[in-house]
Structure formats: C-alpha cells, structure tokens
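Subject: Structure handover

Hello,

Here is the structure for your files. Please open it first, then read my notes below.

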Amino acid sequence: MGFFDRLFTKKNEKIKEFKVVPNHIAIIPDGNGRWAKKRGLPRNMGHREGSMNIKKIVIFCSKIKVKYLTFYAFSTENWKRPQSEVDALMKLLMEFLRNAEKELEGSNVKIKVIGDLTALPEELQKEIARVEKFTSSNDGLHLIIALNYGSRLEMLHAVKEISKKVKENKLSINDIDEKQFESCLYTAGIPDPDLLIRTSGEQRISNYLLWQCAYSELWFTDALWPDVNESHISEAIRDYGKRSRRYGGLG
Ligand code: IPE
Ligand code: IPE
Ligand code: MG
C-alpha cells in the first residue's frame, strides 16, 4: 500500500467517526496576514499560503461527502486595504480559478462564485464565467466562492429586484415572503449553511451570509487559516455532531 492509499485509508477510518457530516459548511478563512507577520514575511505570502490551503480543505470536505462548501474570499469591505494587497488578492484568485480543475482533478467539484462581480477586473469576470461553465455538469461538492461579497449589499440587491417586480405588477406586496426574498439572493438554490467556521480567533460575522446563517451552528478556532488542516475541520464536525439544533422549538 502506497503512502497516499495509507493516508486515504486513515482518513476513511476517520469519516466513520463522524456522527453527522454537515450538508453545508461555510468558512471565514481569516488570519493570512498574521500568519505571514509571525514569520517576518509580507502579508501577500500569507495570502498565497492561504489560497493553497483552500484546495487542501476542499479535497478533504469532498472526500467526507460535504455537499456544499462556501469560502469567504474577498469582502465588499476588503477594498479598503492597500492597493498592492488588493491587486495581489485578485491575482491569487485568478490563479486559483485557472488551476482549479487541474488541482482538484477527479474530485468532480462544481464551482460557483457569489458577490457583486461587476466591480471585479474584467479578466477575472471572464475566468469566473469560464470555470463555472467548465464545472457546471460536475455533480460532486459544490464549491462556492464569495468574492466581492457582502450580506448587506446582497440584501439591498434583493430588495431592489423585488421592488422592480412589484412596480412592474409582476408581484403583489402580499406575496413577498422568505422564499421570494431568498430567490433574489446570490445564494438562490443553495441550502443554508449548517456550520459556520471562522479561524484566527476572531469571533464575528464580518458581513458574511447574515440571512443564510440565521440558524447555523458557529465554530471558532484560534488557528490562523494557513495552519488549518483536516484535523481542525474534523474537530469542528465532531463538535457540530454534539449540538442540538432547536430552531426556536424544543428539539
Ligand atoms: C483573510 O486573512 C483573507 C482575506 C481577508 C482576503 P487576512 O488578510 O484578513 O489576515 P489577518 O486577519 O490580517 O491576519
Ligand atoms: C473577513 O475577514 C473577510 C474574509 C476572510 C475574506 P476580514 O479580516 O476582512 O474581517 P475583519 O475586518 O477582521 O472583520
Ligand atoms: Mg482578517
């Protein structure tokens, strides 16, 4: 048995350990900058390492049969960072998408990008369209990348869409309900996250999936994103298995 087979067998044994595997995991992969600073490296090196780590975690989640995995890659507030960092992040996202099908080969991952894509560099918009189309018939893990994403912007966008329908007499005000609203979010058709993971010790939502995470279980770790590995995710999933989700009822 080769090294990779052994690794895989070991991981398979681990899968049996999980009482339940969340259908949808949303991740805020935070701490790239601090990871680099700790090593005396420029922040962009932390982003490079963090980007590579995303693929490792995608492969793991795909193996343990998570169906949806959403990563926060760039928020609507991240434009406030120095231009050189924004440029480096855009370049890394471009590389990530370009190499995605090669590096995730055989994993059958379907990629979708959510957020206000109109503000992104044109070549990145084209690459997003290409990779979404290329992976559209895959039926494995749904990898959702939140890029220039902010929940407040997403909800305003939904309100505008609904208002337009009302104005054009295509929708009556009485018919505006949760289902209607959800159908106007970027995440239309994607089930709500069951588990939200944030790394780096920060315990806040930072404008991420505010509507969708209304009843998600939250899990935090002090580990900085580039240091996060399969065992952190396994720990989060085991912890998730012990939670009692009551949705306001008695469980
Ligand atoms: C998360 O790492 C990645 C992005 C926001 C793109 P940070 O860059 O926020 O890292 P810290 O929080 O400064 O350590
Ligand atoms: C959240 O991290 C956004 C991403 C991981 C892309 P930030 O580092 O931008 O969040 P704050 O500023 O600490 O809330
Ligand atoms: Mg941060």
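How far is an oxygen atom of ligand 2 from an N or O atom in the side chain of Asn-78? The distance is 2.9 Å. That counts as a polar contact (a pair of N or O atoms within 3.5 Å; within protein, one must be able to donate a hydrogen and the other to accept it, and residues adjacent in sequence count only if both atoms are side-chain atoms).

Some ground rules. This is a predicted model, in which local features need pLDDT of at least 70 and side-chain atom pairs count only at pLDDT 80 or more, while totals for chains, interfaces and linings use all residues. Residues are numbered from 1 along each chain as its sequence is written, chains are lettered from A and ligands numbered from 1 in the order written, and side-chain values use heavy atoms, with hydrogens and water left out.

Ligand 2

Two further side chains reach this ligand. A polar side-chain atom of Ser-206 lies 2.6 Å from an oxygen atom of ligand 2. For Arg-81, the corresponding distance to an oxygen atom of ligand 2 is 3.2 Å. On its own, ligand 2 has 390 Å² of accessible area (Shrake-Rupley method, 1.4 Å probe; for residues, only the protein chains shown count as cover). The protein covers 76% of that.

The shell around ligand 2 (residues with a heavy atom within 4 Å) includes Ile-28, Tyr-72, Phe-74, Arg-198 and Arg-204. By class, it has four nonpolar, two polar and four charged residues. Here Ala, Val, Leu, Ile, Met, Phe, Trp, Tyr, Cys and Pro count as nonpolar, Asp, Glu, Lys and Arg as charged, and the others, Gly among them, as polar. Strand E2 gives the most to this shell, with three residues. Helices (H or I, at least four residues) and strands (E, at least two) are DSSP runs, numbered from the N terminus.

Ligand 1

Arg-81 turns up here too: an N or O atom in its side chain is 2.7 Å from an oxygen atom of ligand 1. Asp-30 places a polar side-chain atom 2.9 Å from an oxygen atom of ligand 1. Taken alone, ligand 1 exposes 380 Å², and the protein buries 85% of that.

The residues around ligand 1 include Pro-29, Gly-31, Asn-32, His-47 and Leu-89. Their classes are three nonpolar, five polar and four charged. Helices H2 (32-38) and H3 (43-63) each supply at least two residues. H2 gives the most, with three.

The pocket

Where do the ligands sit? Ligand 1 takes up space in the largest pocket, and ligand 2 does as well. A molecule sits in a cavity or pocket if more than half of its atoms lie within 2 Å of its grid points. On a 1 Å grid over the protein atoms alone, a pocket is an open set with protein on both sides within 12 Å along at least five of seven lines; a cavity is a set of points where a 1.4 Å probe fits but cannot get out; lining residues have an atom within 4 Å of a point.

The pocket volume is about 760 Å³. Its lining has 31 residues, with Pro-29, Asp-30, Ala-73, Asn-78 and Arg-81 nearest the centre.

Best wishes

How values were computed: Grid points are joined across faces, edges and corners, and a volume is the space filled by probe spheres set on the points.
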